[in-house]
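Biologist: I have not seen this chain before. Could you take me through it by question and answer?

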Amino acid sequence: MARGAALRRMERPRRVGDGVRGGSGPRIGAVLLYHGSSNPGAVVAERALADRVRSRGGHIVGTELSHLSGGDEELSLAVEALLAKGASAVVVVPMFLAPG
């Protein structure tokens, strides 16, 4: 078989949430990991982004916030909360965006 034909037969890998709504597949929980900020408005922006990610649907079953300043325990609690919501896998996304 020619190399080009083999490449054309290969399926494009699917990304999480790649147009999939409901159905079977991974149930992904996302921890948005922030550094932590002294700016009181930062948590408003963090929660708003978490809500946007959660509302996208697809395979995302929930989002939780965590902060480096909260230590390992805060991250562990976020992961446990997502597993309790039915996540079969959890991704931790570094989110160093807010000022402060």
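Biologist: Leaving out residues up to four places away in sequence, which residues does Leu65 touch?

Modeller: The model is a predicted one. Leu65 is part of strand β2. Not counting residues up to four places away in sequence, the residues touched by Leu65 are Leu32, Tyr34, Glu46, Arg47, Ala50, Glu74 and Ala78.

Biologist: How far apart in space are Leu65 and Val31, C-alpha to C-alpha?

Modeller: In sequence, 34 residues separate Leu65 and Val31. The bridge partner of Val31 in β2 is Glu64. From C-alpha to C-alpha, the distance between Leu65 and Val31 is 5.7 Å.

Biologist: Is Ser66 buried or exposed?

Modeller: Ser66 also belongs to strand β2. Residues under 20% relative accessible area count as buried. The relative accessible area of Ser66 is 0%, so Ser66 is buried.

Biologist: Which residues is Ser66 in contact with, leaving aside neighbours within four places in sequence?

Modeller: Ser66 is the bridge partner of Leu33 in β2. Ser66 and Ala78 lie twelve residues apart in sequence, with 6.6 Å between their C-alpha atoms. With neighbours within four places left aside, the contacts of Ser66 are Val31, Leu32, Leu33, Tyr34, Glu74, Leu75 and Ala78.

Biologist: Does Ser69 count as buried or exposed?

Modeller: Ser69 sits in the loop between β2 and α3. Over 50% relative accessible area is the cut-off for exposed. Ser69 has 63% relative accessibility, and therefore Ser69 counts as exposed.

Biologist: Which residues does Ser69 contact, apart from neighbours within four places in sequence?

Modeller: Ser69 and Gly36 are 33 residues apart in sequence, yet their C-alpha atoms are 5.8 Å apart in space. Setting aside neighbours within four places, Ser69 is in contact with His35 and Gly36.

Biologist: How many of the seven residues of β1 are buried?

Modeller: Strand β1 covers residues 28-34. On one side Ile28, Ala30, Leu32 and Tyr34 are buried, and on the other Gly29, Val31 and Leu33 are buried. Both faces of β1 are thus covered, and the number of buried residues is seven.

Biologist: How many bridges join β1 to β2?

Modeller: β2 takes in residues 60-67 and runs parallel to β1. The number of bridges that join β1 to β2 is seven.

Biologist: Through which helix does the chain cross from β1 to β2?

Modeller: The two strands run parallel and are joined by bridges. The β-α-β crossover between them is right-handed. The helix on that path is made of residues 42-55, and its name is α2.

Biologist: Which residue in β3 is the bridge partner of Gly29?

Modeller: Strand β3 spans residues 89-94. Six bridges join β3 to β1, and these two strands are parallel. The partner of Gly29 in β3 is Val90.

Biologist: Which strands stand at the edges of the sheet?

Modeller: The sheet is open and holds three strands in the order β2-β1-β3, with parallel pairing. Each edge strand has a single partner strand, so one side is left without a neighbour in the sheet, and the edge strands are β2 and β3.

Biologist: What is the average twist from one strand to the next?

Modeller: The strands in question form the sheet β2-β1-β3. From one strand to the next, the twist averages 20°.

Biologist: At about what angle to β2 does α3 run?

Modeller: α2 lies across β1 and β2, at about 160° to β2. α3 lies across β1, β2 and β3. The angle of α3 to β2 is about 170°.

Biologist: What distance does α3 reach from its first C-alpha to its last?

Modeller: Helix α3 runs over residues 71-84 and has 14 residues. At 1.5 Å a residue, 20 Å is expected, and the reach of α3 is close to that. After α3 comes Gly86, which has a positive phi near 100°. The reach of α3 from first C-alpha to last is 21 Å.

Biologist: In what order do the elements run from the N terminus on?

Modeller: The chain contains three helices and three strands. From the N terminus on, their order is α-β-α-β-α-β.

Terms used:
Residues are numbered from 1 along each chain as its sequence is written. This is a predicted model: local features need pLDDT of at least 70, side-chain atom pairs count only at pLDDT 80 or more; totals for chains, interfaces and linings use all residues. Side-chain values use heavy atoms; hydrogens and water are left out. Helices (H or I, at least four residues) and strands (E, at least two) are DSSP runs, numbered from the N terminus. The expected span of a helix is 1.5 Å times one less than its number of residues. Buried means under 20% relative accessible area, exposed over 50%, partly exposed in between (1.4 Å probe, protein chains only). Two strands pair if DSSP finds at least two bridges between them. A crossover is right-handed if, with the strands pointing away from the viewer, the path from the first strand over the helix to the second runs clockwise. Axes are lines fitted to C-alpha atoms, for helices over the stretch in contact, and angles run from 0 to 180 degrees between N-to-C directions. Contact means heavy atoms within 4.5 Å.
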